[in-house]
Amino acid sequence: MASSARLDELKKKFEENPRRYFAPLANEHRKSGDLDQAISLCRAHLPLQPAHISGHIVLAQALFEAGSVDESRDIFLAALGLDPENLIALRYLGDIARETNDVDTARSWYRRV
């Protein structure tokens with residue numbers, strides 16, 4: 001569970017500079033289990049910064065954890081379009097393939113990690 005002090009600190013920084021702090025704030029919400037807030041923050045700010053890799057990763061992780069596996073896969077793939085070697089995206093794509101019993105695809109993603 002995210003500490004209240006850490007959330008408060010990130011909220012203050014976000015108020016001062018939302019472009020820089022939306023992804024860390026969303027990630028802290030994600031880690032604390034507030035997936036809806038994490039997803040909402042990312043959906044509001046990513047269109048303004050479509051190349052923000054961390055924003056894509058946090059959104060995809062939150063969607064995955066919320067059970068929106070297909071959408072999370074799409075976002076992780078988009079993140080790889082920005083950073084083809086992003087280890088978080090590669091690992092999650094392997095996990096998604098493994099969960100759907102697509103062992104060959106899972107191995108392919110894991111090899112890239």
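This note covers the fold, the surface and the aromatic contacts of the structure above.

1. Basis. This is a predicted model: local features need pLDDT of at least 70, side-chain atom pairs count only at pLDDT 80 or more, and totals for chains, interfaces and linings use all residues. Residues are numbered from 1 along each chain as its sequence is written, and side-chain values use heavy atoms, with hydrogens and water left out.

2. Fold. The protein has seven helices and zero strands. In sequence order the pattern is α-α-α-α-α-α-α. The radius of gyration is 14 Å, close to the 13 Å of the globule rule for 113 residues, so the protein is as compact as a globular protein of that length. Helices here are DSSP runs of H or I with at least four residues, strands are runs of E with at least two, and both are numbered from the N terminus. The radius is taken over C-alpha atoms, and the globule rule is 2.2 Å times the number of residues to the power 0.38.

3. Extent and contacts. The C-alpha trace spans about 45 × 25 × 20 Å along its principal axes. Of the contacts (heavy atoms within 4.5 Å) with a separation of 6 or more, 41% join residues 24 or more positions apart.

4. Burial and surface. Buried residues account for 43% of the 113. Buried means under 20% relative accessible area, exposed over 50%, and partly exposed in between, with a 1.4 Å probe and protein chains only. The protein exposes about 6400 Å², and carbon and sulfur atoms supply 49% of that area. Areas come from the Shrake-Rupley method with a 1.4 Å probe.

5. Charge. There are 15 positive and 17 negative side chains, with the centres of the two sets 4 Å apart. Lys and Arg count as positive, Asp and Glu as negative; His and the chain ends are not counted. Charges are placed at NZ of Lys, CZ of Arg, CG of Asp or CD of Glu.

6. Aromatic pairs. The structure holds two. Rings of Phe, Tyr and Trp (its six-membered ring) pair if their centres lie within 6.5 Å; planes under 30 degrees apart are stacked, over 60 edge-to-face, the rest tilted. The Phe64 and Tyr92 rings have centres 5.2 Å apart and planes at 85°, so this pair is edge-to-face. Phe64 sits in helix α4 (residues 53-65) and Tyr92 in helix α6 (residues 87-99), 28 residues apart. Phe76 and Tyr92 have ring centres 4.9 Å apart and planes at 20°, so they are stacked. Phe76 lies in helix α5 (residues 69-82), 16 residues from Tyr92.

7. Cluster. Phe64, Phe76 and Tyr92 form one aromatic cluster. Phe64 is buried at 16% relative accessible area, Tyr92 at 7% and Phe76 at 0%.
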